[in-house]
Amino acid sequence: MDTTTRCSWANMANPKYIAYHDHEWGVPCHDETTLFEMLNLEGAQAGLSWETILNKRDTYRAAFDGWDAEKIARYDDAKVAALLLDPGIVRNRLKVAAAINNAKAYLRMREAGLSLDQYLWSFVDHQPIVNDWPDGGRPARTELSDRISKDLGKRGFKFVGSTIIYAYMQGIGMVDDHDRACICRQRPREARRA
C-alpha cells in the first residue's frame, strides 16, 4: 500500500490520477501541444470532475488528432458529427465547437508571432507562482486568472472562464498549489517540454 503523502484531492485509487498529480499538476509546462491540449481539456471539464476528463484523455488525443490545431481548425460538419457520437469524449456540442474555435484562435495567435508558451508565461514573469494555502483550501479563481480569462476571451477563445483558467494554471504549473505536506512540495521538479 502506498503511504506517500499527496494533496488531499488526489484520488489514490486511480493510477492515472496519481501519475497526473505526481508528474504534471504544478509542474511548469512549456510544450505547445500540451498547453493547447490542457486548455481544451480544462474547458471540457466544466461542470464535470477532472477525473472524468483525465480518464478520457487518451481518447481525446485520438479523437482530436493529437491536438494538432491546424487539423482541428479544418474540422467539418461530418467530423463534428463523428465526435458527437464518440463515447470516449464529452459529447457536448458547445465543447466540441469550442475546441475547433480555440484551434482557430490559437492559429491566429501563432500567425501574429506569439506562442501559448510565451503568452501564458509572460503573465508570471516566466516563473511559477508557488502558493501556500495553510488550510489546504485553494481559491477557485484569482485576480490573475480573471485577467488571463478576459484576455483569452478577447482573442476569441471559448470555455476560458476564470475558474477554468485557474485550474489550467495549476495543471500547467504556472501555479504550484501543492499541499504543504505533499511529496511534490518537497522535491524539485523539472519543467515539462516536448
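## Packing of two helices

In this predicted model, helix 8 (residues 143-154) and helix 9 (residues 162-171) pack with their axes 8 Å apart and at an angle of about 110°. Angles from 65 to 115 degrees count as roughly perpendicular, and helix 8 and helix 9 are therefore roughly perpendicular to each other.

Helix 8 contributes L144, S145, D146, I148, S149 and L152 to the contact, while helix 9 contributes S162, I165, Y166 and M169. Sorted by class, the residues of this contact comprise six nonpolar, three polar and one charged.

## The largest pocket

Helix 9 also takes part in another feature, the largest pocket, where it provides the largest share of the lining with five residues. The space in this pocket amounts to about 310 Å³. Its lining consists of 15 residues, and those nearest the centre are W25, R138, P139, A167 and Q170.

Two or more lining residues come from each of helix 1 (15-23), helix 2 and helix 9. The lining of the largest pocket contains nine nonpolar, four polar and two charged residues.

Rolling a probe the size of a water molecule over the atoms shows where empty space is left. In this model there are three cavities of 30 Å³ or more. The largest cavity has a volume of about 70 Å³, and the residues that line it are N40, A44, Y60, F64, W67, I89, V90, K95, V96 and A99. The elements supplying two or more residues to this lining are helix 2 (32-45) and helix 6 (93-111). Helix 6 gives the most, with three residues. By class, the lining of the largest cavity holds eight nonpolar residues, one polar residue and one charged residue.

The second largest cavity has a volume of about 50 Å³. Around the second largest cavity lie L39, N40, G43, A44, K95, A98, A99, N102, K158 and F159. Here, too, helix 2 and helix 6 each supply at least two lining residues. The lining of the second largest cavity divides into five nonpolar, three polar and two charged residues.

## Aromatic pairs

A pair of aromatic rings is described by the distance of the centres and the angle of the planes. Across the whole structure, ten aromatic pairs are found. One of them joins F36 and W67: the ring centres are 6.1 Å apart and the planes stand at 75°, so the pair is edge-to-face. The cut-off behind this description is that planes over 60 degrees apart count as edge-to-face.

F36 belongs to helix 2, whereas W67 lies in the loop between helix 3 and helix 4 (69-73), so this pair ties together parts that are 31 residues apart in sequence.

## Contacts of E51

Which residues does E51 contact, leaving aside its neighbours within four places in sequence? They are N11, N14 and Y17. E51 itself is found in helix 3 (residues 50-63).

Technical notes: Residues numbered from 1 in each chain as written. Predicted model: local features only at pLDDT ≥ 70, side-chain atom pairs only at ≥ 80, totals over all residues. Heavy atoms only, no water. 1 Å grid on protein atoms, 1.4 Å probe; cavity = no way out; pocket = protein on both sides within 12 Å on 5 of 7 lines; lining within 4 Å. Points joined across faces, edges and corners; volume = space filled by probe spheres on them. Helix = DSSP H or I, 4+ residues; strand = E, 2+ residues; numbered from the N terminus. Nonpolar A, V, L, I, M, F, W, Y, C, P; charged D, E, K, R; others polar. Contact = heavy atoms within 4.5 Å. Axes fitted to C-alpha atoms, helices over the stretch in contact; angles between N-to-C directions. Parallel < 35°, antiparallel > 145°, perpendicular 65-115°, else oblique. Phe/Tyr/Trp six-rings, centres within 6.5 Å; stacked < 30°, edge-to-face > 60°.
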